[in-house]
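Please have the model open beside them as you read.

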Amino acid sequence: MSTAGPKPTIGLTTISRTVASLAVGVVHTLERAVVGDGRVRTARGNAWEAVCADRARADQRAELDRLVAELAAARAAARDRQPVA
């Protein structure tokens, strides 16, 4: 039986900034080569997608609020139509 502990793993905090920067550069260059310059995701594109997603969620909430209000009004109208015993 070995008394040695588990082997340490290499994490982002254990590698140098230079190595991390080179790795990011390689990935970025590879992405441009594979998908093309026109289709590379940018911060501006990501922000626009986030804005569109927020608008879609707001529209869904507004539609849900409208449906709940409509159901509440229908229930109140049905309650008002019931004869008093």
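1. Accessible areas here come from the Shrake-Rupley method with a 1.4 Å probe, and for residues only the protein chains shown count as cover. On that basis the protein exposes about 8,100 Å², of which carbon and sulfur atoms supply 62%. Please keep in mind that this is a predicted model: local features need pLDDT of at least 70, side-chain atom pairs count only at pLDDT 80 or more, and totals for chains, interfaces and linings use all residues. Residues are numbered from 1 along each chain as its sequence is written, and side-chain values use heavy atoms, with hydrogens and water left out.

2. How much of the protein is buried? Of its 85 residues, 1% count as buried. Buried means under 20% relative accessible area, exposed means over 50%, and partly exposed is in between (1.4 Å probe, protein chains only).

3. The secondary structure comes to two helices and zero strands. Both kinds of element are DSSP runs numbered from the N terminus: helices are H or I with at least four residues, strands are E with at least two.

4. Helix H1 covers residues 17-35. The expected span of a helix is 1.5 Å times one less than its number of residues. For the 19 residues of H1 that gives 27 Å, and the end C-alpha atoms are 27 Å apart, which agrees. The number of buried residues among those 19 is zero, so H1 lies largely in the open. After H1 comes Gly36, with a positive phi near 90 degrees.

5. There is a nonpolar surface patch made by Leu30, Val34 and Val35, with about 280 Å² of accessible area together. Patches are made of residues with over 30% relative accessible area and no salt bridge; like charges are joined within 9 Å, nonpolar side chains (Val, Leu, Ile, Met, Phe, Trp, Tyr) within 5 Å. Val35 belongs to helix H1 and is partly exposed, at a relative accessible area of 35%.

6. Now to the charged pairs. A salt bridge is a side-chain nitrogen of Lys or Arg within 4 Å of a carboxyl oxygen of Asp or Glu. How many salt bridges does this rule give? The count comes to three.

7. One of them joins Asp54 to Arg57, with the closest N and O atoms 2.2 Å apart. Both residues lie in helix H2 (residues 43-81), three residues apart, about one turn of the helix. Asp54 is partly exposed at 42% relative accessibility, and Arg57 is partly exposed at 40%.

8. Which residues does Arg66 bridge to? Glu63 is one partner, the closest N and O atoms being 2.7 Å apart; these two also sit three residues apart in helix H2, about one turn. Glu70 is another partner, at 2.8 Å from N to O. Arg66 and Glu70 are separated by about one helical turn because they are four residues apart in helix H2. Through shared partners, the salt bridges join Glu63, Arg66 and Glu70 into one network.
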